[in-house]
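Open the structure in your viewer and keep the selection tool handy.

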Amino acid sequence: MPSAGHNFVTGRSIYSYEFVLSCSRWALSIPSLVVYKAVLVFLMILHVNQVPPNQTAIAGSVASTLLTVAAERQVQSRVLENLNVHLEWVQYKTNFREAVSLRRAIRGEEVLPWLEVGVDLRQCRPDALKEEFVDALKEATDVQAGSKKRVYLEPFTPIRSSIIWRFNNLFWQHLPLWETAAGHGFEKALPTGTSDANHPEAVADAVADFWTLLKDLEGHNLLPAEIFAMEIGVGTGRRAAAWLDRFRALDHERGTNYYPRIRFLLADYSMPTLNRAMEAVRNHRELASFLAVDALDPFKSLSFLRYKVLSIHLTNVYDNLPTDEIVVRDGKLYFVESRAYVSAAAATRISEEFGIPLTEFSRTVGRLLEVGPQHLHHSGGEYGVQFWTAVWDAIRLEERFVAIQSILDAPLPAGVKPGLLEKFVGEGVMNQRFHLSSGAVESFLNTVPLLHPRGYLQVQDIFVTNLEDYGRMFRGPGKMDGSIVNWVNGALLADVGAQAGYDLHFAPFHYREGSRTSILYTTHRE
Amino acid sequence: MSLPILPTTVVGSYSMPGWLERLKTEFFARRISRQDLDEIHDVAVKAAIKDQEVAGLDIITDGELRRDNMIDYFAERLPGIQTDHTSKKFYYDFYDSVVRGKLPMASLRLADDFRFLASFTDRAAKFCVTGPHSLVKRIKDEHYKNEQAFATDLARVMNMELKELARAGARYIQIDEPYYSGFPEDLQWGVKVLNTLVEGVDAKIALHVCYGNRYGKPSWAGNYRYLFPTILEANVQQLTLEFARRGGEDLELFKEYPNKFELGVGVIDVKTHEVETPDIIAERLRKALKFVPAERIFVLPDCGCLHLPQEVAFAKLRAMVQGTKIIRKELGG
């Protein structure tokens, strides 16, 4: 049987079946494999990307179900012969995947024979597995099958252009309505129910670092008259308030009198969030400013601060920005397109619940995104938020892989030199799926021009710093309340940073045990 | 070769094409030979010369496209400097280089690159050299007792090279000393070293001081006040300073400290891809003319165009030339 480890492992042949099992972390025991005595000859590859220790039984069920489906000839052998099955544990309780989903590959108009099935072990029910596999695999030969089962909300599109990002935007623009309906603040959706950004020790250390920089600049007679510090993505405003409280106290304690020169900028693209933050920092109002900025391009509205800001901090912003994904299979490149849908059953249920003809379902979703939940129905916002919540819960993404000759044929983050991406992909592994973190990359490149020559950027977020780690765990997209979360490709971001003249360092967030976040900080590249 | 009033030129570097960056890096990965790279450089330099001519510049450089960065081109050639050729993978990085003994007098063979430039243009040609103060900030010193001593010896060796450049026909030589802005406390001895460097060199010498352009971003903040009055002792004919990005406030210093220098006025912000209009250029020049007479003004970008995409660099230079023509017309030229 295959052993643990992340190398490719060839499993033993069982009669005339050949299985190649790709194990990333966990040993897999499939005793039931030996009962099959079929004589079909094909190669099917099972990739075990992540199986928690207590879920090996369900992983075994998946493998044996696959064999059953093959042995019973419920699916055409040519489908099975071109099949890659990926098992993973999607850590987000709500996400955009079905338990079993099919992904085709295309080149131009041509549908390629190569197929992939993704299995979310978390959602798998052993009793329904076989049916779900058969259903998914039948779609491989019947391109119309999907439209019978689903109500599509958009055509296939690069992921960063998907309608799901309009939902994400809706969430931040109408946060108070969502929170009222949910009965809790958005931070409750975080693993600990609160943001690590507010951790008092982390804030105190950040303030101490900043004060040290100011002292050094003053020592060289280079301290600017106005000391700009900025937070992008202000959350509840609690971190900004804690930072300012701490800075004022330290400044007073050391007698440096920097505090009155601070110009603290709170920037966010959500006005409700800014309004909330304004209240949180009310004790520092005389030196705080609140700015509506595009998270993808802060420079656009802040160009007057070019090379002036000494410290910029972001928490959980990059993981919430649009991204595209690249898939490498056997050394060939694909970019991922998706189309959002709601299952026909869910669409019917939601339509009935909200008194909408099923034929009007998609149009009503479009209206929700256009006018907002409060204007969706004459009865008021409550109806709109309930509809919004029901649709958001039901939204899934159908994916397909578009074959490309070179990474340059993919939708690339703006501002990145093509050679850098070619090099990045060229050094990658043969089988991989990873984020381009398009929004994060663009945001980074459009933020660093604000930095003073001695300034620095700190970003607290969930980063994948080693490309190979993408194969070891599901990295998104997931749903976090009404917003989207994706891990951020830190390995790519580090290369992008170097291109822009910054070395990027990633330090695990050590202030809370078990935290998955890291702090990215920049130093100037010599 | 006579120049018009308000001569236009570049600070030194021209846009580094992405393909050339890749090929330079390929060289470090030992995937192309030195000979291939030299030929590639020749082609790239010819293209840079042509772009500058078409843009309408009066004084042309080789675009500094043979250089990895402003340090290594010299560190590699300087006799007595030991360079660890395994110490970088990306061309733009700096080598680890060190001096372990007194620098011997020997040629850097920079004149060959000037001759190549001069043979492919009929216009006036300028050659740019990184100054000793900047070089000592990046080359590790294990021999001299202090930076000034090391820089003085570098100046002694490089003085011979500047004379060779002048003999090869270089009428315009520019010394780049951006690290002055990072270490203003060094200026006193920096100027003495500069004077050693240029002593007896039969060419017009310009001194370029900016706030850094590494990776297309400034390395330091501040203003040019620190240069005065010490810089008045420099035996150079021209100061080339950046005014486009930082605004023209420091022009006041030329009123406050009357001096004999020509002024190379930076009118193009090389740290943004936004292309200035000719009118903006003209306005920036009008401001400079309030402090320095037209006969003593040269027109340049703030710093090298290295980090700008080719189409942006070209468009900026064209705008610079067109904006300058507006002012020449206003001056009756």
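**Where the two chains meet**

Start by colouring chain A and chain B: 16 residues of chain A are in contact with 17 residues of chain B, contact meaning heavy atoms within 4.5 Å. This is a predicted model, where local features need pLDDT of at least 70 and side-chain atom pairs count only at pLDDT 80 or more, while totals for chains, interfaces and linings use all residues. Residues are numbered from 1 along each chain as its sequence is written, chains are lettered from A and ligands numbered from 1 in the order in which they are written, and side-chain values use heavy atoms, with hydrogens and water left out.

Next, select Arg306(A) and Asp269(B): they form a salt bridge, with the closest N and O atoms 2.3 Å apart. The rule (a side-chain nitrogen of Lys or Arg within 4 Å of a carboxyl oxygen of Asp or Glu) finds five salt bridges across this interface. On chain A's side, helix 14, strand 17 (451-461) and helix 16 each give two or more residues; helices (H or I, at least four residues) and strands (E, at least two) are DSSP runs, numbered from the N terminus.

**On to helix 16**

Now select residues 490-499 of chain A, which make up helix 16.

Last stop: just after helix 16, Gly501(A) takes a positive phi of about 95°.

Key
Buried < 20%, exposed > 50% of the residue type's maximum accessible area, 1.4 Å probe, protein only.
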